[in-house]
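Let's take a walk through this one together, a stop at a time. Have the viewer open and follow along.

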Amino acid sequence: MLTNAISLRLEPGQKVTLEPAAWEEFEKILVDLGESRSSRIAYANQILEIMTPLPEHERSKVLLADLVKALLKFQKRSWEPLGSTTFKSQSMAVGIEPDECFYIENYRAVIGKTRLDLNVDPPPDLALETDLTSKTELTAYEALKVPELWIYKNSNLKIYLLQQGKYVESQTSQNFPHIAVIEIIPQFMERAKEIGVSQTLAEFEAFIQNAGESAEC
């Protein structure tokens with residue numbers, strides 16, 4: 001009943017924090033809330049957060065993921081996108097639902113899977129977050145050993161790479177080491193506010209194609 005009340009009271013942009021929360025409570029709330037919901041959950045250090053994103057957050061996360069897909073397609077690399085899948089580990093007592101995530105190097109490991117066990121399966125190679133402000137979320141990503149995390153906030157992109165179990169901010173992407181994504185991605189995220197998503201994606205694809213051709217010359 002508690003989770004239903006929380007769900008009903010949450011407006012877009014609001015967050016509820018439960019502390020302390022046992023692992024069993026986290027698991028029960030996941031079941032009670034179900035999979036068809038707009039809210040997202042993060043759990044670490046016995047802190048449980050339930051958040052409902054704003055509509056502009058949803059638009060930003062979709063565009064950010066589409067830009068990543070365009071880069072992967074241009075490089076002719078295989079990947080498996082798992083969206084906002086719930087990643088959790090009871091042994092580490094953490095859980096997180098990214099805005100979007102990608103298996104790139106480890107894409108073969110998750111083909112066809114609808115449920116993941118991070119005690120057995122690898123974490124995603126790249127996770128995306130827009131407007132992440134919670135230390136609980138960052139702690140969960142670290143504990144689950146997600147090797148690369150992008151956070152897009154206030155028209156800036158920050159890249160975090162996992163080094164010796166802790167995130168270190170980086171100017172380059174581990175997944176796209178030869179592309180200045182920290183500069184390029186914000187430009188096109190802002191461009192979408194002027195010309196729309198579909199035209200922005202077309203311009204982005206043309207841009208990376210031209211950049212690739214120039215690099216070959």
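A residue counts as buried here when its relative accessible area is under 20%, and as exposed when that value is over 50%, with partly exposed in between. Keep in mind that this is a predicted model.

Start with serine 173, in the loop between strand E11 (166–170) and helix H5 (181–195). Its relative accessible area is 2%, so serine 173 is buried. What does its side chain reach? Once neighbours within four places in sequence are set aside, serine 173 touches Glu148, Trp150, Ile159 and Val181.

Lysine 193 and glutamate 190 meet in a salt bridge, 3.2 Å from N to O; both sit in helix H5, 3 residues apart, or about one turn of the helix. Lysine 193 is exposed because its relative accessible area is 63%, while glutamate 190, at 26%, is partly exposed. Arginine 191 makes a salt bridge too, with glutamate 203, and the closest N and O atoms are 3.0 Å apart.

Now compare helix H3 (residues 55–74), where lysine 61 and glutamate 58 lie 3 residues apart. They form a salt bridge too, with 3.5 Å between the closest N and O atoms. Here the lysine, lysine 61, has 11% relative accessibility and so counts as buried, and glutamate 58 is partly exposed at 30%. The whole structure has 13 salt bridges, and Arg40, Asp99, Glu129 and Glu137 are linked in a network of them.

Glu137 takes us to helix H4 (residues 135–143), where it is one of the buried residues, along with Thr136, Ala140, Tyr141 and Glu142. At the start of H4, a side-chain oxygen of serine 134 comes within 3.1 Å of the backbone nitrogen of threonine 136. After the helix comes lysine 145, with a positive phi near 60 degrees.

Last stop: an open sheet of 5 strands, antiparallel, in the order E1-E3-E2-E6-E5. Strands E1 (15–18) and E5 (87–89) each have a single partner, so one side of each lacks a neighbour in the sheet. On average, neighbouring strands are turned by 15 degrees against each other, direction ignored. Helix H2 (residues 23–33) packs on this sheet, touching E1, E2, E3, E5 and E6.

Key
Residues numbered from 1 in each chain as written. Predicted model: local features only at pLDDT ≥ 70, side-chain atom pairs only at ≥ 80, totals over all residues. Heavy atoms only, no water. Pairing = 2+ DSSP bridges. Helix = DSSP H or I, 4+ residues; strand = E, 2+ residues; numbered from the N terminus. Axes fitted to C-alpha atoms, helices over the stretch in contact; angles between N-to-C directions. Contact = heavy atoms within 4.5 Å. Buried < 20%, exposed > 50% of the residue type's maximum accessible area, 1.4 Å probe, protein only. Polar contact = N/O pair within 3.5 Å; in protein donor to acceptor, adjacent residues only side chain to side chain. Salt bridge = Lys/Arg side-chain N within 4 Å of Asp/Glu carboxyl O.
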